[in-house]
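The stops below run from the whole chain down to single residues.

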Amino acid sequence: QVRLVESGGGLVQAGGSLRLSCTASGSIASMDTMGWYRQAPGKQRELVAQIFSGGSTNYADSVKGRVTISRDNAKNTVYLQMISLKPEDTAVYYCKARLRASGNFYYTDYWGQGTQVTVSS
């Protein structure tokens, strides 16, 4: 069974930095796009950043210049480095991976359980 586990969230002051990690485990045959989403209270879940299998990236306008997404394919891990954090970055951050589990012929999206990021002013 495939699982995604996030880590690295926490409480930080405005202007601070955090690095989130997400590792996929289980019987994985192939990994495609990996990404980070966030959901603030009372708001819809939104894309923060995604990284494609070839290494190209896509960022939400609200985080461009402050966030860097990267991946380690050997470890099935995706990272989100965040700097210059703002109170409006406060949310639960979720990892998503599109992957093909062993024995399957199709790709499926998997989600992590989420990690809280709180930025105090």
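**Before you select anything**

This is a predicted model, in which local features need pLDDT of at least 70, side-chain atom pairs count only at pLDDT 80 or more, and totals for chains, interfaces and linings use all residues. Numbering runs from 1 along each chain as its sequence is written, and side-chain values use heavy atoms, with hydrogens and water left out.

**Stop 1: the whole chain, as cartoon**

Colour by secondary structure: the chain has 11 strands and 0 helices. Here helices (H or I, at least four residues) and strands (E, at least two) are DSSP runs, numbered from the N terminus. Followed along the sequence, the pattern is β-β-β-β-β-β-β-β-β-β-β.

Now show the C-alpha trace, which spans about 50 × 25 × 25 Å along its principal axes. The radius of gyration is 14 Å, which agrees with the value near 14 Å for a compact globule of 121 residues. That radius is taken over C-alpha atoms, and the globule rule is 2.2 Å times the number of residues to the power 0.38.

**Stop 2: the surface**

The accessible area of the chain is about 6,400 Å², with 46% of it belonging to carbon and sulfur atoms; the area comes from the Shrake-Rupley method with a 1.4 Å probe, and for residues only the protein chains shown count as cover. Of the 121 residues, 42% are buried. Buried means under 20% relative accessible area, exposed over 50%, and partly exposed in between (1.4 Å probe, protein chains only).

**Stop 3: C22 and C95**

Which residues form a disulfide? C22 and C95 do, with their sulfur atoms 2.1 Å apart; the cut-off for a disulfide is a pair of cysteine sulfur atoms within 2.5 Å. C22 lies in strand β3 (residues 18-25) and C95 in strand β9 (residues 91-101), so the link ties together parts that are 73 residues apart in sequence. The structure holds 1 disulfide. It is left-handed, with -75° about the S-S bond. Both C22 and C95 are buried.

**Stop 4: Q13**

Is Q13 buried or exposed? At 62% relative accessibility, Q13 counts as exposed.

Display its surroundings: Q13 touches V119 and S120, leaving aside residues up to four places away in sequence. A contact means heavy atoms within 4.5 Å.
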